[in-house]
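Reader: Hi! I'm new to this one, could you show it to me and walk me through it?
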Amino acid sequence: MSTGVFLSVLLFLLFVIFIRRKYNFWRKLGVQGPTPTFPFGNLRGVGTQFHSSELIDKLYHIYKGQTPLVGIYFFLKPVALVLDLDVAQDILVQNFKIFPNHGFFYYNERDDPLTAHLFALEGEKWKQIRRKLGPAFTAAKVSIMFPLMKRVAQQLDDALSEQAENCKEIDVVEYASRFTTDVIGNCAFGIDCNSLNERENIFYRIGRRILTEMRTFELIRFLLCSTYVGLARFLRMKIVVPEARDFYTGILRETIKYREETGTVRKDLIDMMLQIRRDGKLEDSTEVLGSMTFNEIAAQVFGFFIANFETSALTITACLFELSLQPHLQELAHEEIVRCAEEDVTYKSLMGMKYLTQVINEILRKYPVVHFLQRQSIADYKVPGMDVIIPAGTLIYIPLCSIQNDPEYYPNPSHFDPDRFSPENIANIPDHAYMPFGEGPRYCIGRNLGLTQTLLCIATLLRKYKFSQCAKTPKAIRPNPKSVFINTAGVWLKVERR
């Protein structure tokens with residue numbers, strides 16, 4: 001045997017041993033789990049044949065009841081899939097000090113600055129940014145931004161008017177996505193996007209490009225970077241496509257320059273961050289927060305865009321879809337909207353729509369905008385109820401979609417029933433079985449903004465229009481395999497004026 005052949009065989013054997021050792025991680029700890037296959041681990045088919053939530057749901061139902069958690073692999077990376085609510089609560093709340101980081105969103109401030117947003121940041125940097133942004137998302141601040149949202153809602157009303165007059169069939173996904181695009185454009189980027197009236201609007205197009213039209217290699221790169229963060233940073237990898245980076249930073253630079261030169265005030269997120277950048281605090285507060293750089297502002301604005309673009313659009317789409325299946329529930333919502341907002345929808349009237357809030361809560365239960373809550377340990381962790389210690393650095397995956405659609409916690413979970421969240425029934429929901437905005441200190445900071453824009457959109461639409469099924473309406477909403485979030489496409493409904 002030649003030296004070259006010998007070395008090749010030796011390297012191959014060493015590689016096989018390396019892979020086997022990697023895939024023995026959970027077995028050595030005595031944790032159950034499905035058999036992985038190289039190179040995808042347990043992710044084979046994700047991004048091409050099905051969405052990751054569908055794979056996780058399958059594993060959840062196979063192993064639930066047998067063990068509090070199951071060991072799986074993302075490529076070569078071991079991930080603990082939590083199946084028990086008490087363990088989930090312990091990780092998210094009680095032992096937050098061991099699990100302070102998401103550990104999933106890749107960020108690289110040096111080479112890919114837009115990735116350094118609040119949802120991805122870790123440690124002290126996350127604490128600093130969270131402290132600066134927290135005051136900008138209170139209910140009071142969202143109410144100040146409400147007129148900006150209301151302007152977009154009026155544009156949505158105008159855009160649907162002609163369609164409704166002719167009882168047209170529309171793709172509600174597109175209208176919902178354009179609505180959320182215009183809201184975040186107004187509230188975060190400080191511009192009137194007007195994608196509802198411009199078919200080829202660049203703001204909308206680029207949002208679709210980076211969130212719902214990812215190419216397969218881009219999705220794989222995102223998953224690899226998110227799984228092997230240290231290596232990806234060492235290799236100086238980037239996940240924000242150049243056209244998106246240049247577009248968003250360019251718009252933000254122009255907006256900031258214009259406001260500083262003209263003194264324009266819109267009372268939006270940029271105004272608040274510019275106040276912090278200039279004064280170290282918000283104008284109506286005595287709390288000193290510290291300054292913010294342009295890159296920090298750009299990253300936060302970008303982060304809120306990607307977190308808002310498809311998440312609220314999915315909630316709006318799923319809401320109209322479910323209400324089209326049960327017209328009597330749609331009428332109950334319509335009657336409340338008309339009763340609370342006889343002349344117009346205001347922030348105060350919106351907050352008084354209790355039944356519509358139940359509808360949205362049930363939508364977020366059945367269709368959570370993210371299908372998982374992920375954390376990463378920074379110290380060894382003893383799993384409650386198991387003789388297992390998970391080493392520091394391990395990823396923890398809490399399957400939110402599976403939990404919120406589990407018949408043990410929600411009888412007949414596939415049935416859409418807003419009464420689950422009525423004052424009489426809400427106490428029946430087990431603790432930690434409903435967490436659409438997360439739980440613990442990393443609870444979603446944009447909850448108030450997201451709920452307000454969603455309620456406003458649905459109230460605006462149901463006040464004047466009726467939605468019903470048509471020949472092109474899908475039988476069910478299935479997630480898009482190429483999306484990180486659980487979004488969908490092509491939900492067609494007939495719209496008509498009341």
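Author: Happy to! This is a predicted model.

Reader: Nice. Where is the place of Asp271 in the chain?
Author: Asp271 sits in helix α12, which covers residues 269-279.

Reader: And which residues is Asp271 in contact with, leaving aside neighbours within four places in sequence?
Author: With those set aside, Asp271 is in contact with Arg259, Thr264, Val265 and Arg266.

Reader: Let's zoom out. How many helices and strands does the chain have?
Author: There are 19 helices and nine strands in the chain. The radius of gyration is 24 Å, close to the 23 Å from the globule rule for 498 residues, so the chain is as compact as a globular protein of that length.

Reader: What box do the C-alpha atoms fill?
Author: Roughly 85 × 55 × 45 Å, taken along the principal axes.

Reader: Back to burial, what share of the residues is buried?
Author: Of the 498 residues in the chain, 58% are buried.

Reader: What about contacts between residues 24 or more positions apart?
Author: Such pairs account for 73% of the contacts in the chain with a separation of 6 or more.

Terms used: Residues numbered from 1 in each chain as written. Predicted model: local features only at pLDDT ≥ 70, side-chain atom pairs only at ≥ 80, totals over all residues. Heavy atoms only, no water. Helix = DSSP H or I, 4+ residues; strand = E, 2+ residues; numbered from the N terminus. Rg over C-alpha atoms; globule rule 2.2 N^0.38 Å. Buried < 20%, exposed > 50% of the residue type's maximum accessible area, 1.4 Å probe, protein only. Contact = heavy atoms within 4.5 Å.
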